[in-house]
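Hello,

Here is the structure you were waiting for. My notes follow below it.

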Amino acid sequence: MTRFNCILAACLLAPCAAAAPLTFETYLSAVESNSLELQAQQQGIVSAKAGIGIAGLRPDPEFTLGATRETVRSVEHRPVTWNPAISMAIETGGKRAARLKAAHSNVALAEETVAGFRSELYGTAAAAFTEACRTREVAARKQQTMAALSKVVEANTVRRKAGDVGGIELLQSRVERDQFQAELAQARSEADSAMLNLSPPLGRPFDALFPQAQLACDFSVVDGGDASTLVPLALDARSDVRIARATLDNLRDGAALVRANRSVDPTVTLGLAAARGYHDGIDGSGNPVDGAARSRVLSVSLAIPIPLSRRDKGDVVQAEAGVTQAMLALRQAELQAETQVRTAQQQLRAAQERLARYRDGVLVDAQKVVDGMRLSYFSGNASLLEWLAAQRSADEAYQGYVQARADAAIASTQLQLAIGRRPTL
């Protein structure tokens, strides 16, 4: 038995209201908590924060040790001279401060990138939830139509025995019922598939987190509001605009770091030369040689690179070009945000008008027609083909109404995402 059949059977045996319905808000919160893709994206923030500590590191001091010894064997004992030294580069031009600033802006960029991915995840989750509701309602409607066709077949069987209808009409009603069974099976399959599609945003099976859950599909469409009010909200809170701003700040800090790195770093070396003394002796000719006392020499040296390579400013030009590109990308993102807000607002209004037309006119009239045609058929005032045509028209009208509800919900979600809000349904 499929998942849809289990849910439908449970609703027929007991009131469905007994189980608390799963709202979109609850589902979206679960997506935020369990999404594997979102958790993977958040590791970028961890990595960027670790870069702050790396940026604050100073150059390590360098220890060198040298040893010298006389090569002429003029005396019996040849002393060894040791030359330990410690050297360290002194950063100039504010390199460390520039690195730290660039690292902090990189963290801000990583956080905005994750926020942008979260916004995309919201859209995916809303689309999956809306589609699950739509396919469920379509399947439920086809189940009702299937029940109505079965009643017609049962009634025609009785009427055939009484001689009120012919055998051809009975066979035709059976054919219609059997053909509709395939449509019902397809609708149930689509409903089951839509429920399965709720799992990927969650990062785990939907049934494991919400066993036997009933979706709350009573969507409340958010009022669009005026574009003059929504556009400033979008420019301030929209994820792609914030990412573009963070990218610009990060590239500006990177350009400042490039300029700081152009300054040369002198190296200071502190050394010590220690030579052991040796005793008086006799040289190879037999003459006496005076000994030498132990000696130590302290030395300090300063090495300053000659910045001949700094005459080429290619690295500065590249960094400034990246900043210019980021500025243009920010302007493009702001323009795109304004366009998408206005487009989403128009789509929402059109979807609301279409939904109202179905709800207040088409759906009601189509149902009245099929109900009246059913009574006329059973009373012998209408043919089977007329009733079937009315039933198909009513089913198409209901499916159009369900699609209009889904379109309005998606349009509302897109408008909320376009102005940087967490969507509600």
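Isoleucine 90 sits in the loop between β2 (80-89) and α4 (95-162). This is a predicted model. Isoleucine 90 is partly exposed, because its relative accessibility is 38%. Strands β3 (267-275) and β6 (295-303) each supply at least two of the patch residues.

Next, the salt bridges. The whole structure has 19. Arginine 422 pairs with glutamate 32, with the closest N and O atoms 2.7 Å apart. Arginine 422 is in the segment after α11 (384-418), and glutamate 32 is in helix α2 (residues 24-34), 390 residues apart. Arginine 422 is partly exposed at 28%. Glutamate 32 is partly exposed too, at 26%. Glu25 joins Glu32 and Arg422 in a salt-bridge network.

Aspartate 253 also forms a salt bridge, with lysine 101; their closest N and O atoms are 3.9 Å apart. Aspartate 253 lies in helix α9 (residues 239-261) and lysine 101 in helix α4, so the pair ties together parts 152 residues apart in sequence. Aspartate 253 is buried at 11%, whereas lysine 101 is exposed at 53%.

Then there is helix α5 (residues 167-196). Its 30 residues span 44 Å from first C-alpha to last, close to the 44 Å expected. Its buried residues include Leu170, Phe180, Leu184 and Met195.

On confidence: mean pLDDT is 84, and 88% of residues reach 70 or more. Residues 1-18 fall below 50.

Best wishes

Methods. Residues are numbered from 1 along each chain as its sequence is written. This is a predicted model: local features need pLDDT of at least 70, side-chain atom pairs count only at pLDDT 80 or more; totals for chains, interfaces and linings use all residues. Side-chain values use heavy atoms; hydrogens and water are left out. Helices (H or I, at least four residues) and strands (E, at least two) are DSSP runs, numbered from the N terminus. The expected span of a helix is 1.5 Å times one less than its number of residues. Buried means under 20% relative accessible area, exposed over 50%, partly exposed in between (1.4 Å probe, protein chains only). pLDDT is the predictor's confidence in each residue, from 0 to 100. Contact means heavy atoms within 4.5 Å. A salt bridge is a side-chain nitrogen of Lys or Arg within 4 Å of a carboxyl oxygen of Asp or Glu.
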